[in-house]
Amino acid sequence: MTLQEYDYARESPSKLAASCLLLALTMKNLGGWTPTLEYYSGYRSQDLHPLVKRLNFLLTYQPHDKLKAVRTKYSHKVFFEVAKVTPMDMLKLDEILKNC
């Protein structure tokens with residue numbers, strides 16, 4: 001989804017990928033940012049928090065009237081229906097990120 005949004009073009013691909021991973025781990029309740037992830041990504045959890053919040057905002061308030069092909073594609077079982085995953089509540093996400 002970030003490929004379709006110009007605001008994310010200025011983010012480094014590695015930071016964007018790390019933030020997406022942290023958001024996915026948080027959404028699926030699979031734990032937080034471990035020392036191993038910090039070591040290999042080069043990012044501390046706190047460095048990723050603003051971008052994680054922006055990504056969740058993008059998921060929460062995505063426009064449903066345009067670019068339906070991408071949403072349809074990733075709603076398929078082949079892609080584990082990731083387009084159907086419910087975004088996190090912004091306040092809950094903020095609380096979780098403060099604790100990690």
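A pocket here is found on a 1 Å grid over the protein atoms alone: it is an open set of points where a 1.4 Å probe fits, with protein on both sides within 12 Å along at least five of seven lines. The largest pocket holds about 780 Å³ of space, a volume being the space filled by probe spheres set on the points.

This is a predicted model, where local features need pLDDT of at least 70, side-chain atom pairs count only at pLDDT 80 or more, and totals for chains, interfaces and linings use all residues. Residues are numbered from 1 along each chain as its sequence is written, and side-chain values use heavy atoms, leaving out hydrogens and water.

Back to the pocket. Its lining (residues with an atom within 4 Å of a point) has 27 residues, and Met1, Cys20, Leu59, Val82 and Ala83 are the closest to the centre. Helices (DSSP runs of H or I, at least four residues) contribute: H1 (13-27), H3 and H4 (68-73) each supply at least two lining residues. H1 gives the largest share, six residues.

Next, a helix pair. H3 (residues 45-60) and H5 (residues 90-98) pack at about 160 degrees, with axes 11 Å apart; axes are lines fitted to C-alpha atoms over the stretch in contact, and angles run from 0 to 180 degrees between N-to-C directions. H3 and H5 are therefore roughly antiparallel, the term for angles over 145 degrees.

Which residues in H3 meet H5? His49, Val52, Lys53, Asn56, Phe57 and Thr60 in H3 meet Met90, Leu93, Asp94 and Leu97 in H5, contact meaning heavy atoms within 4.5 Å.

Technical notes: Angles under 35 degrees count as roughly parallel, over 145 as roughly antiparallel, 65 to 115 as roughly perpendicular and the rest as oblique.
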